[in-house]
Amino acid sequence: MSTPSLPTTVAPVLARVTARIIERSQASRSAYLNTAAGLRKPGPYRAGMGCANAAHAFAAMPAQDKLVLRQERQPNLGIVTSYNDMLSAHQPYEHYPEQIRAAARAFGATAQVAGGVPAMCDGVTQGYEGMELSLFSRDVIALAAAVALSHNVFDGVLCLGICDKIVPGLVIGALQFGHLPAVFVPAGPMTSGLSNDDKAKVRQQYAQGLVDRSALLAAEEAAYHGAGTCTFYGTANSNQMLMEIMGLQLPGSSFVNPGTPLRQALTDFAVERVLRMRDGGPEPLAISEIIDEKAVVNGIVGLLATGGSTNHTLHLVAMARAAGIRIDWDDFAELSEAVPLLARVYPNGKADVNHFHAAGGMGFLIAQLLQAGLLHADVNTILGHGMQRFAVEPWLQDGQLAWRAAAATSGDEEVLRPVERPFSADGGLKRLRGNLGRAVVKTSAVKPEHRLVRAPAVVVESQQALSDLYKQGALNRDFVAVVRFQGPQANGMPELHKLTPILGILQDQGFKVALVTDGRMSGASGKVPAAIHVSPEALCGGAIARVQDGDMVLLDCDAGVLELELSEAELAQRPLPAKDLSANGHGYGRELFGLFRRNAGLAENGASALFGND
């Protein structure tokens with residue numbers, strides 16, 4: 001198998017940002033690595049356990065597995081699964097433990113489900129009370145994964161997770177056991193159904209009253225029609241890209257459909273890899289040795305080059321911090337100026353992830369970035385040292401898993417392009433600054449003519465309030481929707497994806513519209529400029545809490561400006577509105593958020609430390 005010829009040095013911006021992160025993280029990274037090193041011990045981790053402890057650990061195992069475990073010589077793998085059959089993306093995981101146990105036995109090893117983690121579907125909870133628990137669930141998943149692994153009888157970890165908060169939570173949990181090898185095992189996207197573009201059109205028609213609920217439901221069912229990950233390039237599929245480009249997932253495995261022979265072969269090989277990576281194995285390598293500053297920078301580059309989800313301006317910050325690595329939005333912004341956009345996948349284009357995969361997928365993307373010096377090649381991965389090992393694609397050769405060099409040319413330049421012909425010269429993620437605070441905006445799906453909006457504010461405190469104004473015909477004009485008290489400490493920072501059809505309709509009608517919020521937008525949101533994650537949030541006294549209806553707001557995506565056209569003195573004199581959180585909806589999470597607010601704490605800039613805002 002040939003590998004791409006690589007430059008001897010990386011691009012200057014990559015070197016500069018990485019050096020800054022290394023310096024910033026020196027103390028915390030050293031402390032993390034010392035902790036991971038201190039947890040290591042020679043031999044299987046259950047060796048020398050008390051007899052009662054050991055008996056508890058394998059009481060329910062089959063007799064042959066008990067014989068293997070009793071000898072305390074062969075490795076035992078822990079499976080942390082997010083299976084449920086309500087998430088289409090996670091439904092294929094139902095039979096993965098059985099397959100993994102069989103694959104482990106073929107190598108003389110054993111495997112156990114160490115534990116399950118909750119996995120909620122944002123597509124189901126979107127716009128309803130359950131969404132208030134969505135971002136909060138990431139940290140619950142991290143804790144659940146850590147509890148699962150705390151039994152200390154595992155020599156390696158297989159993490160089964162795909163969607164929005166699940167993968168970040170699993171990464172954070174697994175990194176607490178940084179002395180162990182860990183491999184992430186995807187299940188793949190569902191096959192293509194109704195195109196995302198056509199689905200979005202029906203949503204807009206429904207919002208305008210042009211089609212009824214039965215037509216809308218039929219369109220949604222045609223788009224979300226079977227097992228596997230949703231096919232748009234939102235947070236779930238951004239997770240898969242990240243795990244692959246950061247070296248934690250097998251190359252080319254992210255977007256292979258469920259239930260195929262190739263999918264099964266990749267899962268079996270994931271078991272083989274984690275067994276080889278264990279302490280005492282032929283290629284010992286722990287997760288703490290894979291996730292370092294260079295791997296994290298590679299993750300940011302991948303996110304920018306593919307137009308990935310803005311949710312990772314939260315999640316990737318938190319994942320890095322779990323490994324003692326401190327990154328912030330300045331790092332994203334500086335890299336975004338230099339990393340070209342090489343993919344157009346919905347909402348940034350009409351294609352879905354199956355089209356992206358068919359056009360060359362991750363192997364082509366990684367080869368292009370390596371050749372341009374825009375990825376660190378000298379990193380550890382689950383296949384060993386060197387990112388060039390991931391510039392490949394998997395296939396079945398006479399029924400056996402094999403890899404071949406990624407395609408040298410894109411199969412469809414409307415979906416995936418080489419570095420010399422990018423869709424845009426930058427990664428389409430901007431950091432915004434101004435007297436309203438700091439925020440981020442994803443511009444890769446926003447047409448240039450819509451990136452500058454100066455208009456009066458329409459201030460609301462919920463998605464429903466803005467929807468009601470739209471139904472009343474009160475929004476047929478230029479405006480900036482300021483949706484506040486949506487931050488992590490106010491109500492868990494729910495996604496505001498329900499606003500996308502409304503704002504999209506008004507923009508299509510020729511109005512200048514934009515969104516400014518301390519909440520989130522889905523990774524699936526796109527064409528309307530949205531300044532999101534505004535920090536400090538309203539509940540913490542951020543300036544967004546002082547905006548009043550009719551105030552002139554300037555959102556300039558290209559210049560990175562978010563300004564309320566008001567003097568500092570006038571802004572400071574305005575009283576903060578009273579906010580009774582107990583009246584902030586009737587969700588299930590009121591008491592949980594009371595606990596969360598007491599423990600989240602505040603970073604220096606007023607952002608939630610738990611959620612990792614910069």
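Are Phe-255 and Phe-356 buried or exposed? Both are buried, where buried stands for under 20% relative accessible area, exposed for over 50% and partly exposed for what lies in between, with a 1.4 Å probe and protein chains only.

Before I go on, a word on the source: this is a predicted model, in which local features need pLDDT of at least 70 and side-chain atom pairs count only at pLDDT 80 or more, while totals for chains, interfaces and linings use all residues. Residues are numbered from 1 along each chain as its sequence is written, and side-chain values use heavy atoms, with hydrogens and water left out.

Rings of Phe, Tyr and Trp (its six-membered ring) pair if their centres lie within 6.5 Å, and planes under 30 degrees apart count as stacked, over 60 as edge-to-face and the rest as tilted; by this rule there are three aromatic pairs. In one of them, the rings of Phe-255 and Phe-356 have centres 5.9 Å apart and planes at 85°, so the pair is edge-to-face. Phe-255 sits in the loop between helix H11 and helix H12, and Phe-356 in helix H17, 101 residues apart; helices (H or I, at least four residues) and strands (E, at least two) are DSSP runs numbered from the N terminus.

Turning to strand S12, residues 479–483, five of its five residues are buried, so S12 is largely enclosed by the rest of the structure. Phe-479, Ala-481 and Val-483 point one way from S12, whereas Val-480 and Val-482 point the other way. Strands pair if DSSP finds at least two bridges between them: four bridges join S11 to S12 in parallel, and five join S12 to S13, also parallel.
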